[in-house]
Amino acid sequence: MNVTVFGGSTCSDAVGAMAEELGRLLAQAGHTVVTGGYGGVMSWVSKGAREAGGDVIGIVLKGIGEPNMFVSEPMLAVNFWGRLGALMEMGDAYIALPGGSGTSTEL
């Protein structure tokens with residue numbers, strides 16, 4: 001299954017540790033992690049998944065930064081709504097971790 005994880009582009013160490021553990025558990029269960037591909041929660045969950053041998057799809061905006069170093073398969077979206085649509089379409093399941101207004105908008 002592809003599991004899309006939503007969360008903030010910045011986070012506390014406690015939330016980061018939770019996200020990393022989540023990524024590890026998802027990968028160990030054989031799931032692919034899908035995120036927005038940037039920093040914060042997205043990076044932590046990606047790190048956990050990759051270090052456990054899993055795959056991570058990161059959907060980033062064309063021309064707006066590079067995906068985090070733990071993304072194994074980057075995908076480009078041309079705008080915010082295309083990115084949100086791809087995050088929804090790619091997921092078979094969805095998990096929301098703490099975030100800000102962007103995470104609220106995604107939900």
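Buried residues account for 45% of the 107 residues in the protein chain. Buried means under 20% relative accessible area, exposed means over 50%, and partly exposed lies in between (1.4 Å probe, protein chains only). The model is predicted: local features need pLDDT of at least 70, side-chain atom pairs count only at pLDDT 80 or more, and totals for chains, interfaces and linings use all residues. Residues are numbered from 1 along each chain as its sequence is written, and side-chain values use heavy atoms, with hydrogens and water left out.

The accessible surface of the protein chain is about 5300 Å². Carbon and sulfur atoms hold 57% of that surface. Accessible areas come from the Shrake-Rupley method with a 1.4 Å probe; for residues, only the protein chains shown count as cover. The protein chain carries 5 positive and 10 negative side chains. The centres of these two sets lie 4 Å apart. Lys and Arg count as positive, Asp and Glu as negative, while His and the chain ends are not counted. Each charge is placed at NZ of Lys, CZ of Arg, CG of Asp or CD of Glu.

The overall dimensions come next. The C-alpha atoms of the protein chain fill a box of roughly 30 × 25 × 25 Å along the principal axes. Among contacts with a separation of 6 or more in the protein chain, 64% join residues 24 or more positions apart. Contact means heavy atoms within 4.5 Å.

The protein chain contains four helices and five strands. Their order from the N terminus is β-α-β-α-β-β-α-β-α. Helices (H or I, at least four residues) and strands (E, at least two) are DSSP runs, numbered from the N terminus.

Strand E1 covers residues 2–6. Five of its five residues are buried, so E1 is largely enclosed by the rest of the structure. Asn2, Thr4 and Phe6 are buried on one side of E1, and Val3 and Val5 on the other. E1 pairs with strand E2 (residues 32–35) in the parallel sense, over three bridges. Two strands pair if DSSP finds at least two bridges between them. Thr4 has Val34 of E2 as its bridge partner.

E2 also runs parallel to E3, and three bridges join the two. Here Thr35 stands opposite Gly58 of E3. Thr35 belongs to strand E2 and counts as buried, at 0% relative accessibility. Beyond neighbours within four places in sequence, Thr35 is in contact with Val5, Met42, Val45, Ser46, Ile57, Gly58, Ile59 and Leu87. Thr35 and Ser9 are 26 residues apart along the chain, and their C-alpha atoms are separated by 11 Å.

Strand E3 is likewise covered on both faces. Six of the six residues of E3 are buried, so the strand is largely enclosed by the rest of the structure. One side holds Val56, Gly58 and Val60; the other holds Ile57, Ile59 and Leu61.

Helix H2 spans residues 41–51. Its buried residues include Val41, Met42, Ser43, Val45, Ser46, Gly48 and Ala49. Their cover includes E1, helix H1 (13–28), E2, strand E3 (56–61) and helix H3 (80–90). Gly53 follows H2 and has a positive phi, near 90°.

Leu25 lies in helix H1 and is partly exposed, at 44% relative accessibility. Leu25 and Met90 are 65 residues apart in sequence, with 19 Å between their C-alpha atoms.

Strand E4 (residues 73–77) contains Pro74, and Glu73 also has its place in E4. Glu73 is partly exposed, with a relative accessible area of 43%. Not counting residues up to four places away in sequence, Glu73 touches Val56, Ile57 and Gly58. The C-alpha atoms of Glu73 and Val56 are separated by 6.2 Å, and the two residues are 17 apart along the chain. Pro74 counts as exposed, at 52% relative accessibility. Pro74 is in contact with Gly58 and Pro67, leaving aside neighbours within four places in sequence. From Pro74 to Ser46 the C-alpha distance is 12 Å, across 28 residues of sequence.
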